[in-house]
Each structure stands twice: as structure tokens, then as C-alpha cells.
Amino acid sequence: QVQVVESGGGLVQFGGSLSLSCLASGALFTINAMDWYRQTPGSQRELVARINHDGTTNYKDSVKGRFTISRDNAKKMLYLQMNSLKPEDTAVYFCHVDYLRDPGGEGTWGRGTQVTVSS
């Protein structure tokens with residue numbers, strides 16, 4: 001099992017930048033992919049970005065060109081660099097682990113970090 005803790009959320013103005021971090025610990029060799037999801041009140045969590053075990057990445061269309069997901073295996077860190085932020089990016093952002101043994105399953109979730117973009 002892997003545990004993850006997010007950090008780096010906060011308040012930023014329209015057009016600003018923010019970087020989120022996720023520290024992973026535990027059985028890291030069991031990881032298939034790591035993701036950033038986000039959720040707003042009354043809505044389901046949506047996938048924002050994914051980085052697969054081979055390093056390939058995927059993004060939600062609305063964040064392509066503005067957000068960058070990356071990882072530092074030595075530091076056991078996952079990052080999400082968010083640029084040109086918009087009010088519609090306001091949400092709680094969650095770090096998520098997808099496991100090799102159960103790809104697409106529930107995985108492991110962090111507690112989330114709030115990102116608020118003011119207009």
C-alpha cells in the first residue's frame with residue numbers, strides 16, 4: 001500500500017500560477033500510475049492529469065498547455081505545475097495512486113488540497 005499527502009494549494013489570482021506536490025511513501029513498486037484529480041462541491045471528481053509508470057502523460061482537455069504533471073522518483077514526489085489559472089480551476093485537488101494489481105480500481109487517495117482562483 002502507498003500513502004500520499006498533498007501540499008501546495010492556496011489562493012491565486014486569475015492568470016497566476018501554483019504548484020502542487022504529493023509525497024508518496026510505502027510500497028512504491030506497486031504503482032501503475034499517479035494522477036491528479038479535482039472536485040468541486042456537488043460534482044464528481046474528475047481526472048486532471050496522469051503520469052504512467054513509463055513516464056507518459058495524459059491531460060484533461062481544458063488544462064492542456066497550462067498544467068504539467070511530473071514526478072521525481074528519487075524524492076518520491078509527484079507535482080502539478082498549474083499556469084494561466086482560471087476561476088473554473090477552483091477545486092479541491094487530490095493526489096491518487098493507481099496500482100499494478102488493480103489498474104482502474106479504487107487505488108489510494110490523498111486528503112486533498114484546496115486551490116482557489118479569484119477573478
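In this predicted model, Y93 is in contact (heavy atoms within 4.5 Å) with E6, L20, W36, Y37, R38, V48, F67, L80, M82, G112, T113 and V115, its neighbours within four places in sequence being left aside. Residues are numbered from 1 along each chain as its sequence is written, and side-chain values use heavy atoms, without hydrogens or water. Local features require pLDDT of at least 70 and side-chain atom pairs count only at pLDDT 80 or more, whereas totals for chains, interfaces and linings use all residues of the predicted model.

Y93 also belongs to the largest nonpolar core, which has 27 residues. Such a core is a set of buried Ala, Val, Leu, Ile, Met, Phe, Trp, Tyr and Cys residues joined through side-chain atoms within 4.5 Å; buried denotes under 20% relative accessible area, exposed over 50%, and partly exposed the range in between (1.4 Å probe, protein chains only). M34, W36, L80, M82 and Y93 have the most contacts inside this core. At least two of its residues are supplied by each of β1 (2-7), β3 (18-26), β4 (31-39), β5 (46-52), β7 (67-72), β8 (77-82), β9 (91-99) and β11 (113-118), with the largest share, five residues, coming from β9. Strands are DSSP runs (E, at least two residues), numbered from the N terminus.

Side chains of opposite charge can pair when their charged atoms come close. Seven salt bridges are present in the structure, each defined by a side-chain nitrogen of Lys or Arg within 4 Å of a carboxyl oxygen of Asp or Glu. A network of these bridges links R38, E46, K60, R66 and D89. R38 is buried, at 5% relative accessible area, while E46 is partly exposed, at 29%. E46 also forms a salt bridge with K60, for which the closest N and O atoms are 3.3 Å apart. Because K60 lies in the loop between β6 (57-59) and β7 and E46 in strand β5, this pair ties together parts 14 residues apart in sequence. K60 is partly exposed, with a relative accessibility of 27%.

A further salt bridge joins the side chains of R50 and D98 (4.0 Å, N to O). This pair links distant parts of the chain, R50 in strand β5 and D98 in strand β9 being 48 residues apart. Both R50 and D98 are buried.

Conventions: Helix = DSSP H or I, 4+ residues; strand = E, 2+ residues; numbered from the N terminus.
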